[in-house]
Amino acid sequence: MNMRSRNLEVKIGNLALANPIMPASGAFGVEMNQAMDFNRLGALVPKSITKYPRGGNPTPRVCEVTSGMINSIGIQSKGIDYYIKEAIPEYAQYPVPLISSISGDTVEEFVEMCQIIGNHPDVDAIELNISCPNLEHDGKAFGMDPDISYDLIKRAKQVTDVPLIAKLTPNVRSIQEIAIACENAGADALTVANTFLAMAIDIHTMKPKIGNIMGGISGPAVKPMIVRMIYQVYQSVDIPIIGCGGVMNPEDAIEMMVAGATAVQVGTASFINPNSMIEIIEGIEAYMIDKEIDDINELIGRFHADGTPNLCV
Amino acid sequence: MQSNKLSILEHRQVSVRYWHMVVSAQGLTEQIRPGQFFNILCGNRALPFLRRPFSIYRINREEETIEFLYLVQGAGTREMTNMKVGESIDLLGPFGIGFTLDEQWETVLLLARGVGIATLAALAQEAVAQGKQCIAILSARSRNDLLAADTLQGLGVDVLKVTEEDGNSDVTQVEELIMDILDKRKIDAGFTCGSKRLSRLMQKVSINNGFPAQVALEEHMACAMGACFACVCDIREGDAIKSVRICTEGPVFDLSKVVMA
Ligand SMILES: Cc1cc2nc3c(=O)[nH]c(=O)nc-3n(C[C@H](O)[C@H](O)[C@H](O)COP(=O)(O)OP(=O)(O)OC[C@H]3O[C@@H](n4cnc5c(N)ncnc54)[C@H](O)[C@@H]3O)c2cc1C
Ligand SMILES: Cc1cc2nc3c(=O)[nH]c(=O)nc-3n(C[C@H](O)[C@H](O)[C@H](O)COP(=O)(O)O)c2cc1C
């Protein structure tokens with residue numbers, strides 16, 4: 001066997017990750033340390049927090065669909081004070097970068113939270129969940145509007161030095177347009193993407209299967225659309241992309257990297273196999289050995305095709 | 001919590017809608033409490049996609065086995081019926097906080113409906129083992145669905161059956177039944193599972209008659225280990241109402257604190 005050491009380290013802005021695999025926000029919590037070794041992850045990404053405590057949406061908050069699930073949790077959060085006092089110290093025990101995910105009701109709230117969290121010594125980066133509703137614009141997500149996304153990130157950049165990752169919503173006409181706006185505003189990386197707006201109905205009761213009627217779909221059902229979006233965003237910007245949506249195994253993660261992702265988040269897969277992320281890291285290493293790839297960075301954006309796609313598919 | 005691949009020792013249909021499974025659980029049974037549950041992988045595919053939560057129906061510490069009693073409802077439980085003796089089953093758990101049995105209690109009243117019977121059966125077994133008197137009102141759609149009745153009777157539990165089939169399962173009828181029991185015997189604690197209406201009834205009766213009661217709640221779950229915040233319910237704490245996770249802070253709660261929707 002070839003014993004050469006292989007490099008799995010990737011960089012998100014100035015932040016080095018030991019490997020590209022990290023949890024997707026909302027599908028990870030301290031409770032999961034019973035099922036996997038956090039020390040082996042590329043980064044830790046807790047559930048999005050809000051400035052003030054928030055209760056969340058009515059139940060049922062999740063439902064199963066073919067190859068995936070729909071959720072509408074509603075960012076249930078204990079607020080930023082609790083997060084700083086209780087959650088950060090828990091995650092800080094691990095020698096792995098902590099990426100705090102934040103959600104705000106207004107641009108102002110995002111900026112205030114960045115100022116507080118982004119200057120905390122134990123926080124290594126911030127993921128801005130700009131897929132959440134903007135209360136100043138009829139609840140339309142911040143990330144649906146390039147100007148608002150630009151404004152939000154530009155202002156957040158001024159109050160913190162940690163890398164800022166914008167988590168994009170896929171529920172847009174052109175994800176490239178939003179990606180470019182975020183890059184121009186100074187975003188250090190982009191997570192592609194949050195959940196797709198979805199719905200399911202129980203045909204026996206005629207009621208929605210989710211208490212909130214609509215929710216976001218995640219899981220393998222969305223992966224091909226995410227791969228397409230990573231490819232499109234990779235063509236449009238120069239900042240690193242974190243792929244997210246439907247990764248269940250090492251092959252899925254590698255596919256996203258080949259499409260252009262520098263790192264990959266895993267959410268729903270952990271609900272079925274709480275050790276998935278560790279198995280994905282091991283599978284990526286095995287793939288690298290098999291393909292004689294010394295540095296994982298060689299994989300990023302390795303995708304090539306003859307010609308460009310006809311937009312009329 | 002741990003990830004377990006356990007071997008299936010017995011698996012058979014016990015009535016039109018219910019199946020019973022016995023799995024080998026060496027080294028596990030000591031830590032399991034009645035009211036706790038496992039999150040079971042029913043099939044590794046597009047549908048059923050998520051795991052399904054099931055309470056432990058019976059903990060057999062001598063043989064080191066655990067048992068499940070489940071209702072065939074949809075894709076997940078249908079898939080489960082195809083699992084064969086000798087194959088292994090993938091379970092995560094045990095999860096959650098189980099029932100509490102106070103040493104002082106001499107007589108306990110169980111009120112279970114449908115699949116809730118499976119959840120309370122493990123508790124009845126434990127209560128009897130501790131020398132307590134146990135009265136169980138079992139409610140179901142049909143007599144055929146009252147499967148654990150014989151098993152519980154065999155343990156020495158006083159079983160009272162009510163069904164739609166017999167036309168004696170209305171909440172008001174069940175209330176009369178409970179009042180009857182309370183006239184004759186001193187109940188030290190109540191336990192309920194499987195029906196919102198019966199839980200509301202137990203809440204009212206236990207508060208009015210001054211005995212404590214516990215409920216095991218059900219809600220749709222994803223991770224079942226506290227990370228995703230899918231399975232929440234409201235709990236009254238003093239004047240405040242708190243949203244808590246059924247999988248982690250429950251599934252068993254002090255019934256007087258539960259805000260019944
Ligand atoms: C803590 C707990 C303990 C349980 N113990 C038992 C038991 O001992 N025996 C038993 O027969 N059933 C029990 N249930 C209910 C059991 O989980 C559901 O009947 C089962 O998930 C149905 O799956 P399905 O695919 O057959 O049905 P479907 O209706 O096709 O399921 C679709 C989706 O809804 C979810 N779902 C449907 N009904 C329920 C429910 N009542 N509770 C939670 N999720 C649900 C499923 O998990 C699945 O994700 C318990 C539930 C909980 C939360
Ligand atoms: C139960 C649940 C809760 C989620 N909560 C959040 C959240 O708080 N913030 C966020 O940015 N994304 C949240 N997401 C979206 C995930 O981070 C991720 O973008 C999405 O699930 C797609 O990845 P997956 O298919 O690997 O799960 C949540 C997803 C699920 C399933």
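## The interface between chain B and chain A

The contact between the two chains takes 24 residues from chain B and 27 residues from chain A, where contact means heavy atoms within 4.5 Å. This is a predicted model, in which local features need pLDDT of at least 70 and side-chain atom pairs count only at pLDDT 80 or more, whereas totals for chains, interfaces and linings use all residues. Residues are numbered from 1 along each chain as its sequence is written, chains are lettered from A and ligands numbered from 1 in the order in which they are written, and side-chain values use heavy atoms, with hydrogens and water left out.

The size of an interface is often given as the accessible area lost when the parts come together. Between chain B and chain A, the buried area is about 2,300 Å², and carbon and sulfur atoms give 64% of this area. Buried area is here the accessible area (1.4 Å probe) that two parts lose on being put together, summed over both. Within chain B, the residues that lose the most area to chain A are Phe49(B), Met225(B) and Phe229(B), which together account for 28% of what that side buries.

## Polar and charged pairs between the chains

Nine residue pairs are in polar contact between chain B and chain A, with both residues at pLDDT 80 or more. A polar contact is a pair of N or O atoms within 3.5 Å; within protein, one must be able to donate a hydrogen and the other to accept it, and residues adjacent in sequence count only if both atoms are side-chain atoms. The side of chain B that touches chain A consists of 17 nonpolar, three polar and four charged residues. In this classification, Ala, Val, Leu, Ile, Met, Phe, Trp, Tyr, Cys and Pro count as nonpolar, Asp, Glu, Lys and Arg as charged, and the others, Gly among them, as polar.

Side chains of opposite charge can pair when their charged atoms come close. The rule finds two salt bridges across the interface of chain B and chain A, a salt bridge being a side-chain nitrogen of Lys or Arg within 4 Å of a carboxyl oxygen of Asp or Glu. Glu31(A) forms a salt bridge with Arg245(B), and their closest N and O atoms are 2.9 Å apart.

## Salt bridges within the chains

Over all chains, the whole structure holds 24 salt bridges. In one of them, the side chains of Arg40(A) and Glu282(A) meet at 3.0 Å, N to O. This pair links distant parts of the chain, 242 residues apart: Arg40(A) is in the loop between strand 3 (21–23) and strand 4 (62–65) of chain A, and Glu282(A) is in helix 8 (residues 276–291) of chain A. Helices (H or I, at least four residues) and strands (E, at least two) are DSSP runs, numbered from the N terminus. Arg40(A) is partly exposed, with a relative accessible area of 33%, and Glu282(A) is also partly exposed, at 38%. Buried means under 20% relative accessible area, exposed over 50%, and partly exposed in between (1.4 Å probe, protein chains only).

In chain B, Glu164(B) and Arg113(B) form a salt bridge of 2.7 Å, N to O. Glu164(B) lies in the loop between strand 10 (158–163) and helix 4 (171–184) of chain B, and Arg113(B) lies in strand 8 (residues 107–113) of chain B, so the pair ties together parts that are 51 residues apart in sequence. Glu164(B) is partly exposed at 39% relative accessibility, whereas Arg113(B) is buried, with a relative accessible area of 18%. A further salt bridge joins Glu237(B) and Lys242(B), with the closest N and O atoms 3.6 Å apart.

## Two domains of chain B

The domain assignment divides chain B into domain 1 (3–95), domain 2 (99–212) and domain 3 (217–260); such bounds come from an automatic or database domain assignment. The centres of domain 2 and domain 3 of chain B, taken over C-alpha atoms, are 22 Å apart. Eight residues of domain 2 of chain B are in contact with six residues of domain 3 of chain B.

About 660 Å² is buried between domain 2 and domain 3 of chain B, with 70% given by carbon and sulfur atoms. Phe99(B), Ser199(B) and Gln203(B) supply 52% of the area that domain 2 of chain B buries against domain 3 of chain B, more than any other three residues.
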